[in-house]
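Hello,

The model we discussed is below. My notes on it follow.

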Amino acid sequence: MQVVLFHLMPYADLDLESARRHGTVWVKLPNTHFDPVKGHKLYNRYLDELEYAEELGFDAISVNEHHQTAYGLMPSPIVTASALARRTKRIKIAILGSALPLREHPLMVAEEHAMIDVISGGRLISGFVRGIGAEYHTFGVNPTFSHDRFHEAHDLIVRAWTEPGPFAFQGRHYRVNYVNTWPRPYQRPHPPIWIPSQGSKETIDWASHPDRRYTYLQTFSPAKVVQRYLKMYRDTCAAHGYAAEDRQLGWAVPVYVAETDERARAEAKPHFEAFRNVFLKMPIEMLLPPGYTSRESLKNVMKAKAEIFGEITIDKAIELGLVVCGSPATVRQAFEGYWREMRFGNLLVLCQFGTLPGDLTRKNMELFARQVLPSLKGLGA
Amino acid sequence: MAMEMAVRSTSRIQSLVLVSPAGISAPGVQPAYIFMWSPEELVRNLFHDQKLAEARLAEPVTPEQVDIALKNRHTAARLAWEPRLHDPFLHKWLHRVTVPVKIVWGENDTILPVAYAREFQKLMPHAELEIIPACGHLPQAEKADRFCDSVLRFASGG
């Protein structure tokens, strides 16, 4: 199994009481809540944490893209991935992912990812996402064209990476007479492509197609839901006439390891609950603008509204498998158990979440890396 | 929609009644951000008189109505998410509407503030503008009697 340290880079110094009064930290929380001096310390702390992952023996480190939110301070994952490309030597760097429909032009994404791949000597994992619903409110990009733009942008990027240029591209959203990307990516035919998703049949159908066979990552969902979607992915591959490899499946989940179960729970509790109940919180209309999902998916979310949008405690979250938390032995056994059921070839652990401070984040990373990671690496090997 | 047709040809249009329509931009004013509203907020913001909103909200909602509402919302976004609730070129062509025009607007419209009514009148100076006091986005529902009287009077040339 490949184990990835995933970071969201939240604004951990957030005034939680004020954020609660605003109802959400997305789109509308005034940016006067952001203090650039504190931000300077946080960015550098977070980059140090990601760089430390190489020393601790993780296979990859991962950054992602979110806009106008305290949830994550990476409107451009290109910036953080670039900094990491120069400060690390061996570890893979995953951008999970670039929000293609939100970008003015996909060729810029093709260029930026290719640059990082070339600078890092072929260590880039490219992730493509649509951006979450809230970000369609942020940019004014029409969410009813989101799938369309995503697919067309993807096609253009992969062709720009693989076909000798210059060539012309005529799409509905992007039209270019000279596609001729410099630099070309270091990896042949191109960097691996991963598709993070909160669970959608449309995405699974597309990512699992025999022409693509992209790694599908289920993010921040109860373990049962992760299992359902990973099984759906395998079943879809089977329907396409091939057996999914474990490397095509991944799970992204917050993790907290401490000396004992009790201590882990107590230390993680306020920070995880801030992550789940403040940083992730937004109204359904903000999360799912019209056309972002199919009408059926939207109705399913509306039915499960209380469950999805209600507040939960860390105890409930552990029970649901929304977070894996405990002593090294507990966490190891939990992942071994989940792995036997799901056989995911990639595990993305979020070792910093919400307001979790630097000392606890490092302790968490060290305990995980020394006492959990070695046995996970052997799974499926 | 009616204006988009009328600017192309009025050969089959005798007159036009416009009731709080979207379609143009106006300086210093924005349409409400309807896509961030919950279904309840939408109903409340349609009416000036909250008793009418509450009566509407008290009605049971069938699964068919949920589907229709979601479909309408999708279509509204498809057509009017960006540019928001207007056609950036329509204003250049409104001078072609030469048939009689009546514009009806609720004074307390929170979705498209009454400033849009005045902008429409600037673009179609021959239009007759009627602003209905104590009324929201749906004059035909909120002030039905007055609305019907004045539309009938206009249509009969009075």
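Two residues count as in contact if their C-beta atoms, placed from the backbone, lie within 7 Å. By that criterion, 13 residues of chain A are in contact with 11 residues of chain B. On the chain A side, α10 (284-287) and α11 (295-303) are the elements that give two or more residues.

This is a predicted model, in which local features need pLDDT of at least 70 and side-chain atom pairs pLDDT 80 or more, while totals for chains, interfaces and linings use all residues. Residues are numbered from 1 along each chain as its sequence is written, with chains lettered from A and ligands numbered from 1 in the order in which they are written.

Chain A has 16 helices and 11 strands (DSSP runs numbered from the N terminus: H or I of at least four residues, E of at least two). Of the contacts in chain A between residues at least 6 apart in sequence, 74% join residues at least 24 apart.

Strand β7 (residues 193-197) of chain A has 4 of its 5 residues buried (20 or more other C-beta atoms within 10 Å of the residue's own). β7(A) is parallel to strand β4 (residues 124-129) of chain A, joined by 2 bridges; pairing requires at least two DSSP bridges. Here G127(A) stands opposite W194(A). β7(A) also pairs in the parallel sense with strand β8 (residues 215-219) of chain A, over 4 bridges, and P196(A) has L217(A) as its bridge partner.

Regards

Notes
Buried ≥ 20, exposed ≤ 12 C-beta atoms within 10 Å, placed from the backbone.
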